[in-house]
Amino acid sequence: MNILTTEGVSKAYGLRVLFSDVTISLDAGQKTGLIGLNGAGKTTLLKIIAGVAEADSGTIWRNPKARIHFLPQEPQFQPGQTVLESVLDGDLPVMDVIRRYEDAVARDDAAAVLKLTEEMDASQAWELEQQARVILQELGITDYRAKTDTLSGGQRKRLGLARALIVPCDLLILDEPTNHLDDQTIFWLEEYLHDSKSAILLSTHDRYFLDRVASSMIELDRGHVYSYTGSYVQFLEMRQTRIEGEEAAAARRANLIRRETAWIRRGAQARSTKQKARIERYEALCAMETNKPSGSVEILDTSVRLGKTIIDMDGVAFAYPGGQPLFHDVTYHVVKHDRIGIIGANGVGKSTLLKVIAGDLTPSAGQLVVGQTVRFGFFRQQLPEFDEGQRVIDYVQEAGHYVTNLYGETISASRLLEQFLFTEEMQYTYIAKLSGGERRRLYLLRLLMGQPNVLLLDEPTNDLDIPTLTVLEQYLDTYQGVVLVVSHDRYFLDRVADKLFVLEAGTWSRYYGDYSAYLDEKIRHRTDTAPEKKEKAAAPALSQQPKPAPVKKGLSAREKEELAKITQELPRYESLLKGLNAAVAAAGSDYETVAQLMEEQRQAQAKVDELTERWCELEDLAAE
């Protein structure tokens with residue numbers, strides 16, 4: 001069953017065209033991811049599809065028999081509603097019965113409960129009511145009588161998500177559903193949506209989540225829409241093929257433009273029809289060039305050199321006045337090139353630990369020493385107040401018109417803006433016209449202009465698009481400083497961190513390895529320590545035992561995951577090796593530094609060789 005179809009949909013704000021001629025179709029059970037740069041119009045397109053915003057042109061057909069539910073990034077609730085009233089806020093008769101039943105239970109009205117129990121039976125509402133309780137429990141919502149006005153932003157997002165999942169619908173539209181969710185909740189939501197029978201259209205920066213849930217992709221790129229069938233990994237391959245084709249066409253156009261430019265410059269008289277047509281063709285080619293695909297961006301490290309002492313923590317603990325310690329006995333000595341991910345459930349003190357390190361909060365116990373050469377760059381969850389009337393480039397240049405990196409290279413603010421996907425035109429745009437994700441990208445770039453050598457990143461992936469995350473990851477690949485990052489984005493942690501601080505209910509521990517390896521070890525530990533079942537099922541008769549499965553050629557599912565991971569990791573270590581080579585050359589006669597860098601160089605080279613060898617093995621298996 002077709003649920004929704006758009007034809008030729010366009011939207012612009014003033015002279016800025018977000019997208020044009022958007023034609024897509026969504027069928028029952030289809031699960032689709034929406035991808036694009038911040039400011040490309042993803043949220044606007046989702047609102048138009050959901051019917052809460054109007055398109056400038058084009059048509060949208062919605063199946064009158066289909067129910068569509070939209071979860072915005074910031075859900076809205078009626079003032080004065082309780083959590084239970086808002087989460088069961090639907091116009092279906094069965095939802096009304098459940099609302100009245102839950103209210104009678106809360107009031108302990110035995111007569112009403114008895115009467116409504118019969119209505120629940122007649123409406124077959126018990127399954128939906130039980131499902132609602134499970135969803136609320138999984139999302140950590142326990143106080144059903146709390147007023148929605150008193151909830152924090154994260155709690156409101158969870159409540160909105162609960163309402164979206166509880167209300168039966170044919171198409172569920174989700175705008176950044178994983179923001180403000182901890183790891184366990186994201187895992188649960190991932191499984192829930194994967195098994196859901198509803199069609200799903202979602203925009204998210206969580207690439208693992210996207211790859212697990214979606215089986216087709218829609219990309220918004222420079223005002224145009226491209227559709228792909230397959231997972232996120234398959235989308236990347238197909239997108240690369242498309243871009244290579246566009247770049248080949250762009251190269252052919254460039255050659256033709258050079259010839260036409262030479263003809264124009266020879267002083268051609270545009271009097272005849274043939275000559276006019278040739279000039280018009282030249283102008284059309286130039287117009288096409290202005291919309292050519294964005295090429296790869298050179299990643300430029302802006303950090304300054306670190307001394308021997310960076311951050312030393314000995315028995316550090318922190319507790320708010322009158323409260324229990326969020327963490328205690330944190331002991332670690334940060335070294336050069338450390339890439340540390342800080343993980344744990346919401347509320348365990350991850351952001352607080354970053355604030356303690358940055359000096360915003362004083363430890364309640366222990367000692368913390370920060371080296372004299374340390375220059376922090378603290379990317380906070382809460383954006384600063386912007387001057388809406390200020391231009392993008394002026395905001396960045398307040399921190400400096402240029403920076404000089406470790407290798408003596410001078411990098412202008414404009415060049416850094418281009419690196420972080422702000423085109424020349426966007427650099428002179430007023431901040432008031434930027435989307436939320438574009439503002440977070442601008443805030444990050446302003447921090448980097450301060451040339452920090454220790455980056456503290458608190459949920460940097462929230463509201464950042466996937467292309468921007470890719471640029472940030474590439475930047476961190478060559479970054480010579482230290483990175484400590486709090487994030488629930490599993491892909492980002494795998495890509496950036498090589499060791500973890502694990503915070504759990506007042507305790508902390510270290511893990512050496514990436515996030516996926518940590519999860520695998522955690523699952524293995526649970527399996528190994530699980531009690532054996534007291535009664536084992538009797539073994540089936542020989543004739544009933546399954547025949548051995550035929551040996552499959554090619555890669556197993558786990559080997560495919562390993563290959564994909566190596567494909568991501570190998571460029572990172574190659575970039576690190578390249579940066580170390582440059583650092584050795586720049587160190588000159590500083591023999592102590594050279595010796596240290598060469599040891600790091602040796603370790604990086606060993607890792608590159610190890611990954612390359614395994615990559616070759618897996619590629620050979622895949623070739624079978």
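Against which helices do the buried residues of H5 pack? They pack against helix H2 (83-87), helix H3 (93-107), helix H4 (110-123), helix H6 (153-166) and helix H7 (183-195). This is a predicted model, in which local features need pLDDT of at least 70 and side-chain atom pairs count only at pLDDT 80 or more, while totals for chains, interfaces and linings use all residues. Residues are numbered from 1 along each chain as its sequence is written, and side-chain values use heavy atoms, with hydrogens and water left out.

**Chain overview**

- The secondary structure of the chain comes to 20 helices and 20 strands, taken as DSSP runs numbered from the N terminus (helices: H or I, at least four residues; strands: E, at least two).
- Of the chain's 624 residues, 46% count as buried (buried: under 20% relative accessible area; exposed: over 50%; partly exposed in between; 1.4 Å probe, protein chains only).
- Among contacts in the chain with a separation of 6 or more, 69% come from residues 24 or more positions apart (contact: heavy atoms within 4.5 Å).

**Helix H5**

- Helix H5 covers residues 126-138; its 13 residues should span 18 Å at 1.5 Å a residue, and its end C-alpha atoms are 18 Å apart, which agrees (expected span: 1.5 Å times one less than the number of residues).
- Leu128, Glu129, Ala132, Ile135 and Leu136 are the buried residues of H5.
- Seen down the helix axis, the buried residues of H5 fall within an arc of 125 degrees, so they line one face (arc: that of the directions from the helix axis to the C-beta atoms).
- Glu127 and Gln137 are exposed, on the face of H5 turned away from its buried side.

**Nonpolar cores**

- The largest nonpolar core has 51 residues, of which Ile166 and Leu193 touch the most other members (core: buried Ala, Val, Leu, Ile, Met, Phe, Trp, Tyr and Cys residues joined through side-chain atoms within 4.5 Å).
- Not counting residues up to four places away in sequence, Ile166 touches Val87, Leu88, Met95, Leu128, Ala132, Ile135 and Leu136.
- Another core, of 45 residues, lies apart from it and includes Phe379, Val392, Ala413 and Leu416.

**Six-stranded sheet**

- Six strands form an open sheet of mixed pairing, in the order S5-S6-S7-S3-S8-S9 (two strands pair if DSSP finds at least two bridges between them).
- Strand S5 (68-71) and strand S9 (224-229) are the edge strands, each pairing on one side only.
- Neighbouring strands of this sheet are turned by 15 degrees against each other on average, direction ignored (axes: lines fitted to C-alpha atoms, for helices over the stretch in contact; angles: 0 to 180 degrees between N-to-C directions).
- Strand S3 (residues 31-36) runs parallel to strand S7 (residues 199-203), and four bridges join them; the partner of Lys31 in S7 is Ile200.
- Helix H1 (residues 42-50) packs on the sheet, touching S3, S5, strand S6 (171-175), S7 and strand S8 (216-221), and its direction makes about 155 degrees with that of S6.

**Three-stranded sheet**

- An open sheet with antiparallel pairing has three strands in the order S11-S10-S13.
- Strand S11 (327-333) and strand S13 (365-370) stand at the edges with a single partner strand each, so one side of each is left without a neighbour in the sheet.
- Five bridges join strand S10 (residues 311-318) to S13 in antiparallel fashion, and Asp312 has Val369 as its bridge partner in S13.
- Helix H11 (residues 350-358) packs on this sheet, touching S10, S11 and S13, and its direction makes about 130 degrees with that of S10.
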